[in-house]
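Please open the model in your viewer and keep the sequence panel at hand.

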Amino acid sequence: MQLLLLGTLALFVGVTVAVPAQEKRVHHKPDLSDHAHDDAHGFQYDHEAFLGKEEAKTFDQLSPEESKERLGKIVDKIDTDKDGFVSHAELHHWIKHRQRRYIEENVDKHWKEYDQNKDGKIGWIEYKNTTYGYYMDVEFDDVDDKASYKAMLTRDERRFTSADRDGDGIATREEFTAFLHPEEFDYMRHIVIQETIEDIDKNGDGKIDLQEYIGDMFTPENGENEPDWVTTEKKHFSEFRDMNKDGFLDANEVSHWILPGEVDHADNEARHLIHETDKDNDGRLSISEIMDRMDFIKVSTITDFGTLVEDHDEL
């Protein structure tokens with residue numbers, strides 16, 4: 001079996017071309033939409049924020065009757081407290097759910113592979129045997145870089161242990177999601193920071209100097225001139241990243257760099273949708289209010305996703 005490196009940061013360091021640091025290391029939430037949020041020129045941003053990008057691309061136009069029927073099913077899914085209204089909190093949760101869809105799909109894919117005994121949980125032993133089993137039998141003798149694979153195993157075990165909040169050696173779906181995508185969980189921040197430092201810190205002193213910081217992004221070849229963005233990154237290192245001006249990035253400074261505080265776009269979009277649709281200004285949406293703004297919410301788009309909701313109870 002091909003050995004999998006499931007460390008999240010591999011998504012960034014696996015790129016061999018030279019790109020600015022912010023494109024390789026910084027963890028941003030996925031965009032709600034590829035379109036500009038400008039209601040004067042259409043509501044595509046709102047459609048994609050509500051549905052998710054892929055679902056919004058594949059909807060079919062429905063008759064008003066079909067739209068009303070499916071809308072009721074969608075609203076019932078969003079209305080978790082079953083009071084007949086969609087609150088800001090419920091809409092916010094739904095939009096964030098759509099935003100996280102790519103993560104859920106990734107977890108789905110790996111869950112089927114690693115839950116060997118189909119008990120709805122993944123033990124560390126199951127994960128280790130599935131990922132490293134063949135190589136461990138021969139103590140990694142069949143691989144070119146034995147030390148690297150042993151380090152990967154150690155790193156995976158450390159991350160799994162951190163994600164396993166109750167310490168029972170078995171990951172629930174939520175814990176396995178934290179293992180695969182630690183940048184999405186506050187209690188896993190230290191792992192993201194530690195792995196980033198380990199990736200970049202070539203001399204092993206536990207911190208990142210300017211040479212290591214730039215070397216992670218750019219290594220000149222055959223007299224290649226330094227790109228302008230490298231000069232800019234050097235300035236960013238000294239003026240912004242190195243907050244205590246000691247010439248290094250410590251764990252706290254790395255945290256500010258790769259896990260920046262962000263505007264909650266899902267929250268802003270939920271407020272926007274309610275503001276545009278809430279006719280009686282009670283801070284929540286009724287079915288009639290949603291139906292009255294079919295042009296804005298585009299019910300046919302939303303209700304097309306109703307078939308997916310019916311087919312996938314986890315949604």
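Select Glu195 first: at 1% relative accessibility, this residue counts as buried. The model is a predicted one, and the values given on this tour are to be read accordingly.

Arg155 and Glu195 form a salt bridge, with 3.5 Å between the closest N and O atoms. Arg155 belongs to helix α9 (residues 146–163) and Glu195 to helix α11 (residues 189–200), so the pair ties together parts that are 40 residues apart in sequence. Arg155 is buried as well, its relative accessible area being 17%.

In general, side chains of opposite charge can pair when their charged atoms come close.

Next, display helix α11 as a whole. How far does α11 reach from its first C-alpha to its last? The distance is 17 Å for 12 residues, close to the 16 Å expected at 1.5 Å a residue. Colour the helix by accessibility: the buried residues of α11 are Ile191, Val192, Ile193, Glu195, Thr196, Ile197, Asp199 and Ile200.

Widen the view to the annotated segments. The UniProt record, an unreviewed entry, carries the annotation "domain: EF-hand" for residues 66–101, 102–137, 151–186, 188–223 and 265–300. Select residues 151–186: this span is 58% helix and 6% strand, and its end C-alpha atoms lie 25 Å apart. Then select residues 188–223, where the chain is 50% helix and 6% strand and the end C-alpha atoms are 41 Å apart.

Move to His92, in helix α6 (residues 88–99). Is His92 buried or exposed? His92 is buried, because its relative accessible area of 16% is under the 20% cut-off. Show its surroundings: leaving aside residues up to four places away in sequence, His92 touches Asp264, Ala266, Asp267 and Ala270. A distance drawn from the His92 side chain to the backbone nitrogen of Asp267 reads 3.5 Å.

Select Lys279 and Asp292, whose closest N and O atoms are 3.6 Å apart in a salt bridge. Lys279 sits in the loop between α15 (265–277) and β6 (284–285), while Asp292 is in helix α16 (residues 287–292); the pair, 13 residues apart, links distant parts of the chain. Lys279 counts as exposed at 58% relative accessibility, whereas Asp292 counts as partly exposed at 47%.

Then select Lys82 and Asp76, whose side chains meet in a salt bridge at 3.3 Å, N to O. Lys82 is exposed, with a relative accessible area of 52%, and Asp76 is partly exposed at 41%. The structure holds 12 salt bridges, among them the pairs visited here.

The protein chain has 19 helices and six strands. Of its 315 residues, 45% count as buried. Among contacts between residues at least 6 apart in sequence, 63% join residues at least 24 apart.

Note on methods
Residues numbered from 1 in each chain as written. Predicted model: local features only at pLDDT ≥ 70, side-chain atom pairs only at ≥ 80, totals over all residues. Heavy atoms only, no water. Salt bridge = Lys/Arg side-chain N within 4 Å of Asp/Glu carboxyl O. Buried < 20%, exposed > 50% of the residue type's maximum accessible area, 1.4 Å probe, protein only. Helix = DSSP H or I, 4+ residues; strand = E, 2+ residues; numbered from the N terminus. UniProt positions renumbered as here; feature names shortened; annotations may be inferred. Polar contact = N/O pair within 3.5 Å; in protein donor to acceptor, adjacent residues only side chain to side chain. Contact = heavy atoms within 4.5 Å. Expected span 1.5 Å × (residues − 1).
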